[in-house]
Amino acid sequence: MTRTISEAERARQQYAALVSHYRAIGPAAIMAALLCARKKNLKNQFVLKRAS
């Protein structure tokens, strides 16, 4: 068990700099996707739903 703990700790230390550098990309990518996404036309959804 000690070996796996030390390997995990070593991996954390090795990638700590990368994680701290790229951490902000996730929320930024989500925000960009939301800003660029087409807004749904509620009127079309209502018509399609009613036609079904």
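The protein chain contains three helices and zero strands. Read along the sequence, these elements follow the pattern α-α-α. Helix 1 comprises residues 2-22, helix 2 comprises residues 25-36, and helix 3 comprises residues 42-51.

The average pLDDT is 76, and 67% of the residues score at least 70. Among the elements of the chain, helix 2 has the highest mean pLDDT, at 84, whereas helix 3 has the lowest, at 61. Where pLDDT is low, predicted coordinates should not be read in detail.

Solvent accessibility was then examined for the chain as a whole. Of the 52 residues in the protein chain, 0% are buried.

Part of the surface is organised as a nonpolar patch of about 490 Å², made by Y15, L18, V19, Y22 and I25. Helix 1 gives the most to this patch, with four residues. The patch also includes I25, which is found in helix 2. The relative accessible area of I25 is 49%, so this residue is classed as partly exposed; the class of exposed residues begins over 50%.

Charged contacts were also considered. A search of the whole structure finds one salt bridge. This contact joins the side chains of R12 and E9, with an N to O distance of 2.9 Å. The separation falls within the 4 Å limit applied to a side-chain nitrogen of Lys or Arg and a carboxyl oxygen of Asp or Glu. In general, side chains of opposite charge can pair when their charged atoms come close. Both R12 and E9 lie in helix 1, three residues apart, a spacing of about one turn of the helix.

Methods: Residues numbered from 1 in each chain as written. Predicted model: local features only at pLDDT ≥ 70, side-chain atom pairs only at ≥ 80, totals over all residues. Heavy atoms only, no water. Patch = residues over 30% accessible without salt bridge, like charges linked within 9 Å, V, L, I, M, F, W, Y side chains within 5 Å. Areas by Shrake-Rupley, 256 points an atom, 1.4 Å probe, with all protein chains shown as cover. Helix = DSSP H or I, 4+ residues; strand = E, 2+ residues; numbered from the N terminus. Buried < 20%, exposed > 50% of the residue type's maximum accessible area, 1.4 Å probe, protein only. pLDDT = per-residue confidence, 0-100.
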